[in-house]
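Hi,

Here is the structure I promised to pass on.

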Amino acid sequence: MADSAETKEGFMETVKTVVYALLIAGVFRTLFFQPFWIPSGSMKDTLLIGDFLFVNKMAYGYSRHSCPFSLCTFIDGRWFPSEPERGDVVVFRHPVTGQDFIKRLIGLPGDQVQMQNGRLSLNGEPVPTIAVADFIEVYERQGPAGNYPACETRGGVSGSSCIKSRFREELPGGVGHSILNIQDGGRGDDTAVFTVPEGHYFFMGDNRDNSQDSRFPQTAGGVGMVPAEYLIGRADRIMFSSAGRSMFFFWTWRADRFFKAVE
């Protein structure tokens, strides 16, 4: 009987430990970090379909979209506010659909942003870019959606090379990152001048011809100008990456992307 009671007590202690651990993990996730699985190719080659990362929700302070209202105390709409920096890779909530997006922060409040012949200009100055080695991937179905990648040039069959021109773009402040080109003269290659309103941000994908971002209005499927309150956090580091249809297919994990910093 004593052994039975001790066994039952030990089991209950184990259950309580697991419950407490889950509660702590849930609070930790809610307040500090949010997992994010890259579903599309709009941020290639910085982020690939199947990259798994944690979003730093403390980077810019909490908003009503990054922290449950019941758990956060707000001052002027944010908790412990800090300013996003141009070049950050940011997860934010679409102001209309509520869907989570991940893009690069290009325009700060007051900035003037324009695309001319596929080249970015900020405040009337072209952003320096230099050509680097092409980005080459296999032309095959990618991720859970099973879509083929968009290519600048490729062979005609699955398994052939999918090639995109790659450039190094240097934003003001010295933030450098890769951008890709799929076609010249695409609908986002030439735009009007966008003036970023106060309290808003302008985002673009690094895969410039395959990204629905701030170049396009929300009525046309873009994200438009994103209010600060919709920012969730900054992507700092890839934890691991899967090239397969599921993150659980460990044999498809990309060994070279474990704990890779997001640039």
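Before the notes, one term: I call two residues in contact when they have heavy atoms within 4.5 Å. This is a predicted model, where local features need pLDDT of at least 70, side-chain atom pairs count only at pLDDT 80 or more, and totals for chains, interfaces and linings use all residues. Numbering starts from 1 along each chain as its sequence is written, and side-chain values use heavy atoms, with hydrogens and water left out.

Let's start with K164, which sits in strand β10 (residues 161–171); strands here are DSSP runs of E, at least two residues, numbered from the N terminus. K164 counts as buried because its relative accessible area is 0%, and buried means under 20% (1.4 Å probe, protein chains only). Leaving out residues up to four places away in sequence, K164 touches D134, F135, E137, P149, A150, C151, E152, L180, N181, I182 and N207. Two of these neighbours also turn up at the end of its side chain. The K164 side chain makes a polar contact with the side chain of E137 at 2.6 Å, and it reaches the backbone oxygen of A150 at 2.7 Å. (A polar contact is a pair of N or O atoms within 3.5 Å; within protein, one must be able to donate a hydrogen and the other to accept it, and residues adjacent in sequence count only if both atoms are side-chain atoms.)

Next, S214. You'll find S214 in the loop between β13 (200–204) and β14 (226–227), and with 3% relative accessibility S214 is buried too. Its side chain reaches the backbone nitrogen of F203 at 2.8 Å. Beyond its neighbours within four places in sequence, S214 is in contact with F194, Y201, F202, F203, V223 and G224. As for G224, it is ten residues from S214 in sequence, and the C-alpha atoms of the two are 4.1 Å apart.

Now for a sheet. There is an open one of four strands, in the order β7-β6-β5-β12, with antiparallel pairing; two strands pair if DSSP finds at least two bridges between them. At its edges are β7 (125–126) and β12 (194–195), each pairing on one side only. Between β5 (residues 112–116) and β6 (residues 119–122), which run antiparallel, there are four bridges. V113 has L122 in β6 as its bridge partner.

Happy browsing!

Methods:
Buried means under 20% relative accessible area, exposed over 50%, partly exposed in between (1.4 Å probe, protein chains only).
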